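Please read the following walk-through with the structure open beside it, turning the view as each part is named.

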Amino acid sequence: MATIEFLLNGTPKQCDVSPDTSILTLLRDHLGMTGTKEGCASGDCGACTVAIRDSAEAMSGFESVNACITPAHQLKGRHLVTVEGLAQGEQLHPAQQAMIECHASQCGFCTPGIVMSLFTLHSTQQQQPFSLTPERLEAVLGGNLCRCTGYRPIRDAALRMAQQPWQAPAWFDAAPPVSAADKTVPSGDSAPLFAQPSTLAELTKARRRYPDARLVAGATDLWLETTQRLKALEQLIDVSRVNELCQIEEATFQHQPGWWVGAGVTYRQLEPLFEQHFPTFAHLLHRLGSQQIRNRGTLGGNIANASPIGDTPPVLMVLNAWVEVANDDGVRLLPLNTFFIDYKQTALASDEVISKVFIPALAANTSLRVWKLSKRREDDISAVLGAFCYRVEDGIMRDVRIAFGGMAATPKRALNTEASLEGQPLSKSCFQAAQQALDEEFEPMSDVRGSQHYRQQAARNLLERLYLTLSAPNQEVMLHAYAH
Amino acid sequence: MRTLTKLDGDSHRARRELADHIQGSGPLARHTVDSQSQRQAGSASFHESAQKHVTGKAAYIDDLKTPADALHVALGLSPVAHGRLTSLDLDAVRQAPGVVDVIAFGDVPGHTDIGPVFPGDPIFVDREISYAGQCLFAVAATSLQAARRAVKLAKLDIDEQPASLDAVTAVEREEFVRPTHVQERGDWQSALEQAPQLIEGDLFVGGQEHFYLEGQACIVVPTEDEGVVVHTSNQHPSETQKLVAEVLGIPFHAVTVEVRRMGGGFGGKETQASPWACMAALIARRTGQATRLRLPRSEDMRATGKRHPFHNRYRLAVDNEGVIQGGDITVIGDCGYSPDLSDAIVDRAMFHADNAYSLGNARVTGHRARTHTASNTAFRGFGGPQGMMIIEAAMDDIARRVGEDPLTIRKRNFYREGHDVTHYGQQVDQIKLLHTLVETLESSSEYWTRRRAITAFNEASPIIKKGLALTPVKFGISFTAQHLNQAGALLHVYTDGSIMINHGGTEMGQGLHTKICQVVARELGLDLDSVRISATRTDKVPNTSPTAASSGADLNGMAARDAASKLRERLFDFAAVHFEDGLDREGMRLEDGMLIAGHGESERRIPWGELVQTAYLNRISLSEKGFYATPLIYYNRASGQGRPFYYYAFGAAVSEVSVDTLSGEYQVDRVDILHDVGDSLNPAIDMGQVEGGFIQGMGWLTSEELKWNDKGMLISDGPATYKIPTFGDLPPVFNVSLLEGHPNSMASLYRSKAVGEPPFMLGISVWSALRDALSSLTGYQSSPHLDTPATPEHVMLAANAVRQKAL
């Protein structure tokens, strides 16, 4: 047990909970606040959505998160708002009022989560008014499943909400308690621990000191080990407040311009950079998880997790990204292409952490295409993800780099496929040869997301799509809700 | 003086009038009491719990408080699909921290079979394991975490045997959970032999996980005698009462079941909410402690049954205009390991194998295959959607064969004059309504203009193809098990004039309680705020039917209306004689919170509160029960003929899709719906049912894919792997209207129609539109095979197959 101090609906709170307690458990079991619901305990349905604000600073807005997979200890020094906190006496929040007026609740079980997602949208709108686009709405609500309404009245409620008058309650801008970094030293090496280092040096020290501890950033995957597989997560080292891990810096590395992105930078924080410099990658980011997940999940976590179906690694691989890993002795750099060794195995030593990732800018005339195939467009995991980086010079393919997710035990470069296109003219026969190489290069498996046959055919067809985009640029060959 | 004796005479007259209404010769039921206020039946009142929903105050089972010593239950589920449990060693489980009680098959004092209609569902496995996820034992501990961790310590010895997972093979081996049923009308064999065109096809129609957001959950509290009180998320409290009593070996009156609301049901809590209540009740009685049981999502998905997957085949005799002359349709329902409700579900698939089309001389055969999966169960539509799919597939196939637009073929085959009797012998009423509805939608959706635009688009676009389809729905309303078509209600008026109404239906989000309150408010001329429903309880209204078959408002609304109108008449009788100078009994009415007698100069008004107070002081009962049984319906199983449905509900949808034929990705660009609810009880709630039903039906046929591994383990066991529609799947253009000016031809509640299930099948238009888009790859010469769900994988493989054929 360790004490956490935070603001709950404007009121300071102190709670003693074990390291592997989620916000949802804290609310429902410890505090008896049952407005926040458990729908899946895996961060996929949004019924448990709550809002969190880092500080009262002007630019820090309320962000939606899934309470079921967010560690309660990460609330330290933050402001947590739940569905119970929104109404001021009889006066409902505009999100609540609009939901009623639009008949947007039926069974009502997903409703608190939807209200909280709408609340974060509303609070952002209050800070910086912007016009709602369908994409924006989808981003805000895509992570909240509703089985009853079919979403139309919820869409209406989101639009109506902005027209309701609203006076921010006094607590809205309350400053959360300042929480000093946790310096508590646990009594023994295996005692419960939720360490929250604030510098890289502290982090690498902790990593060496507690070799059995697990690293946690957004917890969007790690937490399933406790909610789904009932594992005890007794020792955790939180990387999300390490200053060096939260930076994005423009830099030149090995004569290439680009950006060092801290491993703890969330998908949400990456969006502006990608939207400006890698629009196709940004589009993928919008389809990665839900808003609740993008508010929490980090680039470093996606890499370290080493899942064959993680969305960013194939793209970073074709961009020739580098990773910097650190331990208490110092740092080393390695190309991401050498990082993934086997299923869920990486080049990371047991005392190392990923500190940052270098993403080179796209060279002139170079194109990046990122195509993710999944059962559902939003909030789904790839069956196959293809990333293609290349330039075409006088009708010849140059610097071709191709990588796939979902086609092998790791995210994997398609080296033979690349070779069959490199230096070749843009022709149907060359792409047919590339398809042949691809067939020979990958032997995907069948699982719940797709059959082996489908994965093979789909990867082939993505090559055909690439050929068509290059050879018939005026012909629409994809649906832009899915791909660009 | 008018007495209660006289009242009996009145109610006798009322019964006679009701009979006239049913025959269609009396005044329309909707004219007996008109809706006056904005919030009575017929108006778009908000959901009775809306404010509680949005503030988090609406309590679901797991939100209910229990005493500090309440126990938490976790279940041990079978890891294999088929085998013999040769040893179950639970010693380590018993000794785990926090564990208070552990029970298995041998610990059940009463019945061990909890099959709802037919036997076949053991509460715990005795020896024979029939599916992966079947319950072996239950552990009660001081916390849920402790109980779940203890479960893992069980030592199981299982002699694993090969699992039968294919329904078609099961039929070949004659492995059925119930006997095959056949409906035949006319000489279908000759029709097939003499067919100008013989068209045949087959289709796999996938199942569907309910994915109610609130999982299965209950809390059982022991009472001071031998009984229990059960709080449960449940569509069928009376059945749970019966099963809990039987399992405990106690009389039914010792068990009270209460349901305030469900966080979604969709059929998944009709029979399959009971096992958990039985298990928790056993523990509550053994320990004397309140017992909480809720299934974590993945266990919920593995342990409970789903919509039945179906394997359907058709052979149709068609003339050169594409009009069906007769045929033979076979549907195979994959029932899982036990009967559950499968008999009625496969029946309903058979009853809907015609959808809105006259099959002519036809035979429809329905098999109930037994496989080693969870026992498949009720799900919105109850087999109807799966049956409809085969005839809708056939419509598209016929259209390609005869070279006509699928809509033209559909319209030619509609039930029509001279062709208005189904293959099970029921005459289809309101066929004109069906034609009007489809023609209206055809024009409002600009079907033909868009058809031309799409054809032109597809000619110029090699990869992206658009598709368009209009599909109708004709859905039979009534339980096909006749005895279930009854309902009761209990109405109390308190001395402040406030009203409590209870009825046998349960609230799962569909707005049933809202509608019932509206009915009572309308009957008694009161504001909606005067009427409240507490919860559905077996000690208030007994022996109820499940809230299912779209019947909730039809049946319970009639019962509530019966109670309210009986009470009203009693108050009228009382008022007529009690008040000074007497009031004119004829023309007495309740409006705007007043009893009004007489007209013009002689009009007298007595406020509702005063009326009630006076009646109480004069010892007039202010409580009344109501009852309703649907008239006219019957079905002769031996002959396969009858009139199983009181009436049909209709609807139609037009969907337009864009398909990327290289990747299989697609999007629904526009949907237009026109749906028949008779005279709506609450247009906002009905609209919610239509829209929500459509999206759920679309999900069933598109992204929702159930997958088992070759050992019979469900591997799509959570929302990460099982994808229901999300916000972005809402079509950008979604024009939904309720058909107006067409009251129910039968004397239903204010001439309304049931709305829970019928709109689900409007989703078929999306599947048909996808097939239309794929058909463009063949120059509309054929309709590519497209099993469901039509995931991007299946769409891409279908498109690839067409292209390879062309090479």
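Helices here are DSSP runs of H or I with at least four residues, and strands are DSSP runs of E with at least two, both numbered from the N terminus. The model is a predicted one. Counted in that way, chain A has 15 helices and 19 strands. Its radius of gyration is 23 Å, close to the 23 Å that the globule rule gives for 484 residues, so chain A is as compact as a globular protein of that length. The C-alpha trace of chain A spans about 70 × 55 × 40 Å along its principal axes, and 56% of its 484 residues count as buried. Where contacts in chain A link residues at least 6 apart in sequence, 67% of them join residues at least 24 apart.

In chain B, one place to begin is an open sheet of four strands, whose order is β16-β27-β28-β29 and whose pairing is mixed. The edges are taken by β16 (464-477) and β29 (733-738) of chain B, each of which has a single partner strand, so one side of each is left without a neighbour in the sheet. From one strand to the next the twist averages 15 degrees. The partner of β16(B) is examined here in detail: strand β27 (residues 647-660) of chain B runs antiparallel to β16(B) and is joined to it by 14 bridges, and within this pairing A469(B) stands opposite S655(B) of β27(B). Helix α14 (residues 447-460) of chain B packs on this sheet, where it touches β16 and β27 of chain B, and its direction makes about 145 degrees with that of β16(B). Another helix, α18 (residues 683-701) of chain B, lies across β27, β28 (666-675) and β29 of chain B and runs at about 130 degrees to β29(B).

The next part to follow is strand β18 (residues 499-503) of chain B, which is largely enclosed by the rest of the structure because four of its five residues are buried. Strand β17 (residues 486-493) of chain B runs antiparallel to β18(B) and is joined to it by five bridges, with A489(B) standing opposite H503(B) of β18(B). The hairpin that these two strands form has five residues between the strands, and in it G497(B) takes a positive phi near 90 degrees. β18(B) also pairs with strand β19 (residues 531-532) of chain B, in the parallel sense and over two bridges, and here I499(B) has V531(B) in β19(B) as its bridge partner. Together with helix α15 (residues 512-524) of chain B, the strands β18(B) and β19(B) make a right-handed β-α-β unit.

A further open sheet in chain B has three strands in the order β21-β22-β23, with antiparallel pairing. Its edge strands are β21 (589-591) and β23 (604-607) of chain B, each of which pairs on one side only, and the twist from one strand to the next averages 30 degrees. Three bridges hold the antiparallel pairing of β21(B) with strand β22 (residues 594-597) of chain B, in which R589(B) stands opposite I596(B) of β22(B). Helix α17 (residues 608-617) of chain B packs on this sheet, touching β22 and β23 of chain B, and its direction makes about 75 degrees with that of β23(B).

Terms used
Residues numbered from 1 in each chain as written. Chains lettered and ligands numbered in written order. Predicted model: local features only at pLDDT ≥ 70, side-chain atom pairs only at ≥ 80, totals over all residues. Pairing = 2+ DSSP bridges. Axes fitted to C-alpha atoms, helices over the stretch in contact; angles between N-to-C directions. Contact = placed C-beta atoms within 7 Å. Buried ≥ 20, exposed ≤ 12 C-beta atoms within 10 Å, placed from the backbone. Right-handed = clockwise from strand over helix to strand, strands pointing away. Rg over C-alpha atoms; globule rule 2.2 N^0.38 Å.
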